[in-house]
Each structure stands twice: as C-alpha cells, then as structure tokens.
Amino acid sequence: MSVMKRSRVLSVLVGGVFCVAVMSLYRMLELMQGAELQKGDTPAGQDEDLSRLQQKIDRLEHLLSNNNRLVATLRDSLLHRKASWEMGGANVSSDSALIRANRLPGCRLAEEMKEGTNGVQLLDVYNLLPFDNPDGGAWKQGFEIRYHGNEWDEQPLELFLVPHSHNDPGWLKTFDSYYQDQTRHILNNMLIKLTEDSRRKMIWAEISYFSKWWNDIDEQKREMVKRLVRAGQLELVTGGWVMADEANSHYFALLDQLIEGHQWMQRHLGVTPSSGWAVDPFGHSPSMTYLLKGAGLRDMVIQRIHYAVKKHFAQQQTLEFLWRQSWDSSPRSDITCHMMPFYSYDVPHTCGPNPAVCCQFDFHRLPGGRVFCPWRIPPQPITEQNIQERALLLLDQYRQKSRLFRSPVLLVPLGDDFRFVESSEWDAQFSNYQKLFDYFEQHPELHIKARFGTLSDYFEALRRRLSAAGATLPTLRGDFFTYADRDDHYWSGYFTSRPFYKRLDRTLEATLRATEILFSLTLAEMRRFRGDGRLVADFPAREHFQRLTAGRRSLALFQHHDAVTGTARDPVVVDYGTRLFHSILNLRKVLQSSAHWLLLLDKSQYHPDQSKPFLQMDDVISAQDALPQKTPLTLSDEPRSLIIFNPTEQLRTSVINVVVDSPDARVVDAETGRPMTAQVSAVWAEPSQASTEAFQLDFVAELPPLSLVVYYVTKASAGSAHRALYTFHRRGNLPTIQSEHFQVSRPERPEADSPLSLSNKHLQIWSSAETGLLQKLRLQSGLVRQVQVQFLWYGTRTRANWDKSGAYLFLPGEEGAQPYSSSEPPLVRVSRGPVFSDITSCFQHFTHRVRLFHLDGHAGRSLEISNMVDIRSEVNRELVMRLVSNVSNGNRFYSDLNSFQMQERRTLAKLPLQANFYPMSSASFLQDLTSRLSLLSAQSQAVASLRPGELEVVLDRRLQQDDNRGLGQGVTDNKLTASLYQLLLEDRRGGAQEVGGASVQHLSLLAHLTSLSLCHPPITMVSPSNSQLPKLRPFLPLRSSLPCECSPAEPEDAGGHTGKTTWNHLERLRVFFLSSLDCRKQKVPHRKWLSSSTGRASIVAPPPNRHCSARGACNAEVNLDDLFSPLQFRSVRRSGLTLLREHDEPQSARQQQPPRITRLRPMEISAFRVEMD
C-alpha cells in the first residue's frame, strides 16, 4: 500500500510540474507577443527579424503542444492504473468520480480554473488529443464504462425515448420520389398511430416534406395534426425547410431555409420550434447555432462529430454544453447543445455503448423482416417470459450511457433513415417498448422512469434537474470540423464535390437577394406613386411573388446536407440543378419586370408583355449544366440602353462588361451624356483565335447604392475606341495568332525570358513568362510578398482493400500532391488596356487568369483570379490551386464559417493530410506580424495550409469509386466549371482581440467589401434596339450609402399566422436585416476608418471607398429613418431572425413616429418587420 501511495504522490508532483511548465510557456508567449505589440510601427527593414521572431513563437507553441500531449499520455496511463486498482471488482460501468479522475490534481485545478473563466476551446482540445484511436471494446471508439449500481438511488434515471425518422430531401432518390415512395406513408401512419395512444410521441424535422404532405391531406386530417402538436405528441424540431449542411452553405441561405420553414409552421400550425435536431450534417458550425438562437430556439442536438472528440467529451462529461460564439464574451448567444456520444443516430448506436445489444431493441429488425442485425443477435418480441431479462439488459445500456452525462436525465433516439414507413413497424416499436416501460414502472427498485418523449420534454427535464442541483453546463467555443467517423476517414472531400453546382447555388443566392430587394422597392414605390397604398393594376405582383417563393424554396432545398455537399446520386443532382436553373430564370423575370416599371419616366407607358419583356438579361443560361453565355448586342448609331442594377448598399465603382458586334463602341451616362472610360477586348474562340464577330466591351460604372443606372452604348467611329494590346508567350514554337482587329506582339529574347509584370496605382504583380503563373506582389506602401501560384494533382490510395476517395471522403495517395504537368507548354496571353490588364495561361485541363483593374476603389486593390477547369478526361484525380508565399504564419491560418465569421485553424502534424482540410465558404487568410494574405472566393470549396506560407484550394474532384458511405457511386459527372477569387495583400499592425482566452480575427473592411462585390456583382439588362423606346430615368432609392457594417441582407415577405394568407396582407410587410460590425480595439493611425468586416481584424488600410464609412459600428444606436432615407417607414418593429410574430417586440415597443432608433450590438444580425409609406 505504501508503494501505491508513493506512486500517487509522485504522479501528483509530476502533474504539478507539467502544469506549471504549461502555464509558464503560455505566460512567456504572452510576454513575447505583448512586447512586439508595444513596438508600434515597425520599419520595413526589420521584416526578417519579425519573421524570425514569429518562427520562434511558432516553435514555442509547438513545444507547448508536445507538453500537452505528454500530460495527456501521463493522465491516461494513471487513469488506467487507477481503474485497475480501484475498480477491478466493480459492476459494469465507471462512476462519475472515475471519469473526473482522468485529470491529475494539478492539471485538474488548472482546467477547472480555465473552464470557470473561459470554458472549453475546441482548438485546445485538438492540441490535447493524441488521435490514437485505441480499441475501446464494445464501444470501439470509446472506452469501457463502469458503474456501481447505486448511483440512481437518490435521483432515479429519467429516460426519454424519442422516435424519429430522418427523411433526406433527396439523396439516392429525388425529393419527389422519396415523398411518393416513403415519406407520405410515414406521415400518414404517424397520424393514425399517434392518435391511437396518447403516450406515443414523435419528432419531425424536414418542413419541405411536411408542407408537401400537408397540401395533400384534407382539412379533417389537418385538424388531427394540430391536435397532436398542441398535445405535445408531435414536435416539429429545428423547423428548417431541410436539415441543412453547415460547411458549404452561406448564412444567407441557411437563414432563408429557416425562414421558409418557420413561417410555414406559424402560418399553418400556429407553433414555433424551440429545439434543433441536426443528426446527419457532416460536421457542425457555430454560425448555425447563432441563427437558431436568433430564431428563438433554446436547445439543439448534434451527432456527426469526430469520434476522438466525442470520446474526450464523454470522458469529461461535457457532452452537454452551452455553445457560445467565439467573438462573444457574454452568454447572449449561448444555446444548450447535446452531443450524441456514439457512432451514429440509428438504434444500434443510441441506447448505449454496445451496438450488438442495442440492435436487439430495434424491433423493426425482428426475424422475418427485410432488415437484420449485423451482429447476428436478433431482437426478440417482448413477452411475459423474457421481459425481466430483456428489461435488465436494456437498462444496463441506459445506465452506461447515463454515466457520460452530468445529470440523471437521458435522451435516447429511436429511429433511422426513412423509418416508420410501414404500419407494422409502428406497432412493433411502440408496443414492445411500452411493455418495457411498464415493467420499469412496476419495479421501482430499478430507479428508472422511462417514457416516449420529444426534445422539448427532454430539455425541460434537463433544465429542471440542473436547476434543482444548482449545477450549470460548461461553455464551449469553436466548430466541429473536420469530421471523421472512423480511422483516418476524414469527410473533407464533400467540401469540394460537384463544384459546378456549388457555384450555381451562389448564383441563385445572389439573384434571389437582388430580386427580393428590387421587388420590395418596386412595391413601395408603386404605393407612393399612386398615393392610395395600392399597386399598379397590370403589374403581375401575385405571379412575381409566387416566383420569389419558388426561388426561396429551391435555394432552401439545395442547402440539404446531401445537395450543396455534392453527395447525391447523379439523377438527383440533375433534379437539384434543374430546380436551381428554373428558379434563376423565373427570378430574372421578376427583376426585368420590376426594373421596367421603376425606370419609366412616364409610368402610363407601362404595358407589360411577359411573353416579350421590355428588358432582357445580357447573358443566357441554356441548361442546368451550362455556364452563362453573353448575348452579343447589335450596335448602331441609335443608342442601346444598358441598365445596371447595384444590389449592394454602398456606392461602388465597378467594371461592367457586355459583348457587342463591333470593335468600335462608345458608352455614355444616359443622364449626363458623360463618356465612360471603356476598353474593347477580343473574345477568344480558341486560345490563339479571336472572334471576328463578337467583341468584349468593358467600361467603368459609378453605381449608387441599390440603384438602377442607365447607360447608352452606340457604335463609334472606326479606331476611336481603346482596344486592348496583346502579347503572347510560349516556350518553343508560338502558334499562329488570328486576331484581325487587335494589335498582337511577340517578345524577342531577352525580353521573352523576363518576368511578366502588371501594375496599377495600388499594386504590382510579377508572373512567370513561361507559365504566366503569379510569382510576387508589391503594394504601393512598399510591402512585398512572394506569392507563387501552383497547380497540383492529388490521387487516391492504390493498395488493394484500402478505402479510396469518394464524394464524402478525401483519402489521398501516399505520394501526396504532385505538380501539374502537361505534354505541351501553356500558351500565355497578356492583355493591357485602360480598364484592366490581365495574364491568361491556357493549360490542357484549365485556363487560369489573373486580372488587375485600373480603378481607384477597392476593386483596384485586389487581384482577380479565375479558373475554367475541365478534368473530365481524368481518373481518380483532384486538381488543386496552391499559393506559396513567404508569409510567416506558422501552423495557423483562418477560414470562414458560412461567410459569417472567421475561424482559426491549426495545421497539426499528428493528423493525416486530409484532416487538415477545412470548409471555406468565401474567405481564408494567412498572416504574420506585418502582413495578411487573403483569398476571397465566389464559391465554397476545401482549403488547407499544409506548410507555413501556403494556402491551397481544391478546384474539382473526379473519382471513379464509392467511398462506402451509402451513395453507391463515384463522382464522375464533372462539368466545365468556373471558379472566381480575389487575392488581397494587406499591411498589418496590431494584435487580435482576445475573447474567451482565444484569438479572434476577422476580415478587414477592405476584404469584406471585396468579398461583397465578388458574391453580389452588378446585374446588367439591355433594352431593345428601337428608337421609339419610352424615356428611361435612373432609379436612386437611397440618398447615400449605408454604413459598410450595415446591410439589408434579405427583404422578406412575412405572412400572418392564420391558415389563409392573403396577398393584401403579404404585400404590406417588408423586412430587412442589419449586420453590425464591431470597432472595439480598432487602432488605425491618422484616420478613423474601421478595418473590419464582420468583426475586429487589425488591418491597416486607407478607406477603400470615399463613400463608404463604418459609422455606427462603435455607436450602438442607429437611426433607421436616416439610414434608409428617402424611403419612409410607417412602422418598424424588431423581430426574431425568422420573423415569427411571437418574437416581435411587444406592442408598447412599436416605434410609430420618427426618429426610430434601434440598438445594434457588434456581430449582430437583426430583423425588423416594417411597413413602408
């Protein structure tokens, strides 16, 4: 015994020493960083010293990580010994004291202190975990759970069995096929079986299916549904149109699908959701939790989390926590989150840690059915003869699972994909479980109260138990990417799969947002014009509203976690694409019609003909799998009207391009007659062959916020237009260049071997003359960074019996990335002109272009990068674009979460390559002490920084095989796919904001505006070539730009909460959202310009636009009347994010008279229900 005592004392001392070392290292790091921050401005000549210092800091952090791993190893070893000493003769599962004993006393104290102030940081958890994946026994990815049996004597186990059926709105079948074959039968049976016994309950998540079924049932059945909902037997959880993906989706689209679902629930059922249910998305984002909390939800359940993280949380009894935003120092954004501990959400993995036992209680698998238990022990019907043995076997699993949580309340889901289709399954599950529940009730010595329940039932009981015990849940910050379900199988492939449709998703999103805004402004202007609050009689408002609703629902449906992810079967992808395509075409009709009325000087001349619209788009999309093609405009001496809509809230200087039939063209402002700076470029039919019939006309447009501006384009005198100048480069023989209307030169040596260079007043770039690929950037400030663009291939594993990459998984070959090479050297084409200059590299599998705009605004401060990719000839390959720079970022980089916030990433050597890829919705950056390099994207894809200074994105994937996750096919339906980026280099000074013990970084204001322009480009429409056209005038709804931190994210028509929604009611209600920036800790020398997008990055940049300020970010009060002048509001009322009337401010808070002042907190999205005069 004395030996054991000495061992324990020694363990405590060693643990204490390591904890002191850890805290000392943290303190040393803080001092070093603080010393650097106090230096202020640093001369450019000290860049190398700063880089060396950054590298030392990175090495120090690496040492800290090693210490953490050593402490973790020691802790696990001592835990194993303690278990063998104290629990050798215990019953089946460990006491909570054993779980808490995982930590040495000294480290436990440090962790408890940290948790008391800051909570859990997932980045710290990743640093701590060894990711070693030992065999856990029955719970393969976990550990053996022990208990004594008397833990529930004082507080009986309270169990809620929650029946559910996960219905994918498209995956192996289309949405409509699933509905016809399975979903409608599930819901029909639900109505019957829940009505038979008031003790039965169920939850349902996908409103897209529920609303379709609702349309099919009669009024009597609808009343039955309402009774079940009111009685608490049926709960609609989350309330989204779909169970959305949380990696690729933009927050606009996430909110759109929540609004559609919540509005439907309120309108038809008179209820609002309170709990979230996300059991199948492949990883989880805090952006989604923010939206759920803002929509009125209090609780949520998540499932697909890395198995090592689940194990760690189970050991710490932190599977239930308050999920807090990384940038929020208050509990305002907290939402109670329950993490399911085991492998899956199916029955074998939900009752307890042993799936072989749990499967015996999935009564859908009774012998004789189509489904069986793979562990080869089938379920047994519950009888008087076996009920005691069966009940105790199940109770043991419940008790083991309960030991992973801090309260004696237990949530056990009962269901799987498309369950409860047949009436017999309802009977088998409910009747057998009810017998078991009755047995538990008849035997109080078992100390368990079990019943069917909903999520609301569970969380209400949890709160009650925690309150009675005076206990609180820990807080957590961070995200749950990248997900792995077993071994080294990381689900980072779907971040890029089907990139063509990921781009189409953003096209619909931008079109929908622009159409919502213009349609809302049109209705408001019509009522103002008439003076009686009514609309123009022949304006097809009802038809347009139906098109808007269909567009919202198409976008909402595509946010499903097997749609935007690119993980559905080929015919299902075509179905999704067709829906997106038709919605874009229909929304364009609304845009054209709205613009038509707004632009007419004489409104009496408005005579719409929907078969022959007055305005046309300047491009055509011919099919769901085709890229847009510009329609050539026929020019003459008579002016053609170009109408440009600016869908953003700031005045912007943009380059507009159209295709014309003449190399001589002229553009003037229709109001003033002022000629616009323009450039005519070739349209290249082939890399070396210019079209002789079509020419690209680009001109610089000044676009006021939310405006429709009219320009005239006419044919100009021969030779009067500025034409681009071309230079061609190619190693070896240069092909014959066919370019009749443009000057082409071929450089001679030694000029041909010199780097290519482009510049404007803000930056200069250098590229390789051999490949045309970028090599270096230099800012006007003098900052220079090596930034080399490379293209590489990833293959997949080749060993027999090894899993390979597929739609979900990224499992690269052992050789890693291989440099791209082709049989022929690329043709490099350089163009120079007054509006832009660019370098285009034509490779076999892609055309790569970098373009520099000669503009004063923010568009001139970044480098546009575009790729046109075609890998249809390849087998098991993934194409990557990599940026290699000398930015000293160490192992840290940042990627965005749903275009809402930036998340720090740490590249960890202990993880496989595929684990270090993360989702990038629209932005990622590297930074060191003096610079930041940001890559802004118009589409979502995977991103990684595998080595210091590197940033790479996956452009496309072509994979011949299934990856054994149920899809049953590879990814071989590749398309010619466009991707678009902006590359931004910025000077940087200062440090990051510290929130909750972690660094919080955000895009700069310049990067935010650049990203906004990238995702929401101007929309161009053209009028017929007819001299008898009515007079048009520009439409300018706002006197000035909104503050850069405020934007109406989505005007929305909000219906009432009655069963019938009339058009008259809908048309009066408009809603806008405001995203507030935060200016805390902003220190920008000489000018009070904020350098933040949705937060607080310390980026030094001059104001990118003289019309764009960040006023109001520091001032929490905003005058809405001034902000949106000259628009006039009859009333303004704050609501929840999904505009449910239950979440409206009380009647007494309604602001009837101006000035209407509202308070906006940093990083807040606010929703308002407004009526316009």
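Leu-473 touches Glu-320, Phe-321, Leu-322, Thr-336 and Leu-466, residues up to four places away in sequence not being counted (contact means heavy atoms within 4.5 Å). The structure is a predicted model, in which local features need pLDDT of at least 70 and side-chain atom pairs count only at pLDDT 80 or more, while totals for chains, interfaces and linings use all residues. Residues are numbered from 1 along each chain as its sequence is written, and side-chain values use heavy atoms, with hydrogens and water left out.

Leu-473 is found in the loop between α15 (455-469) and β11 (475-477). Helices (H or I, at least four residues) and strands (E, at least two) are DSSP runs, numbered from the N terminus. With a relative accessibility of 12%, Leu-473 counts as buried; the term buried means under 20% relative accessible area, exposed means over 50%, and partly exposed lies in between (1.4 Å probe, protein chains only). Leu-473 and Gly-119 are 354 residues apart in sequence, but their C-alpha atoms are 9.7 Å apart in space.

The search of the whole structure for disulfides (pairs of cysteine sulfur atoms within 2.5 Å) finds 2. Cys-351 and Cys-358 form a disulfide with their sulfur atoms 2.0 Å apart. The torsion about the S-S bond of Cys-351 and Cys-358 is about -90°, so this disulfide is left-handed. Cys-351 and Cys-358 are both buried. A disulfide also joins Cys-359 to Cys-373, with an S to S distance of 2.0 Å. The disulfide of Cys-359 and Cys-373 is left-handed because the torsion about its S-S bond is about -105°. This pair links distant parts of the chain, 14 residues apart: Cys-359 and Cys-373 are each in the loop between α12 (355-358) and α13 (387-402). Both Cys-359 and Cys-373 are buried. Two further cysteines were examined for accessibility. Cys-842 has a relative accessible area of 14% and is therefore buried, and Cys-1015, at 16% relative accessibility, counts as buried.

Two helices are mostly covered. In helix α7 (residues 207-216), 7 of the 10 residues are buried, namely Ile-207, Ser-208, Tyr-209, Phe-210, Ser-211, Trp-213 and Trp-214. The elements that cover these buried residues of α7 include the helices α6 (175-196), α8 (219-230), α9 (251-269) and α17 (541-558), together with the strands β3 (202-204) and β4 (234-236). In helix α11 (residues 307-316), 10 of the 10 residues are buried. Among the buried residues of α11 are Lys-310, Lys-311 and His-312, as well as Tyr-307, Val-309 and Phe-313. Just after α11, Gln-317 takes a positive phi of about 55°.

Strands of a sheet pair through backbone hydrogen bonds, either parallel or antiparallel. An open sheet of 3 strands has the order β18-β21-β20, and its pairing is antiparallel (two strands pair if DSSP finds at least two bridges between them). β18 (652-660) and β20 (678-686) each have a single partner strand and stand at the edges, so one side of each is left without a neighbour in the sheet. Neighbouring strands of this sheet are turned by 30° against each other on average, direction ignored; axes are lines fitted to C-alpha atoms, for helices over the stretch in contact, and angles run from 0 to 180 degrees between N-to-C directions. The antiparallel pairing of β18 with β21 (residues 689-703) runs over 9 bridges. Thr-653 stands opposite Glu-702 in β21.

Aromatic pairs number 56 in a search of the whole structure. Rings of Phe, Tyr and Trp (its six-membered ring) pair if their centres lie within 6.5 Å; planes under 30 degrees apart count as stacked, over 60 as edge-to-face and the rest as tilted. Trp-793 and Tyr-820 form a tilted pair, 5.7 Å centre to centre and with 40° between the planes. Trp-793 lies in strand β28 (residues 784-794) and Tyr-820 in the loop between β29 (818-819) and β30 (827-832), so the pair ties together parts that are 27 residues apart in sequence. Both Trp-793 and Tyr-820 are buried. Ring pairs also link Phe-361, Phe-363, Phe-420, Trp-426, Phe-430, Tyr-433, Phe-437 and Phe-452 into a cluster.

Charged side chains also lie over rings. A charge sits over a ring if NZ of Lys or CZ of Arg is within 6 Å of the ring centre and within 35 degrees of the ring normal. The charged end of Lys-603 is placed over the ring of Trp-597, 4.2 Å from its centre. Lys-776 lies over the face of Trp-766, 4.6 Å from the ring centre.
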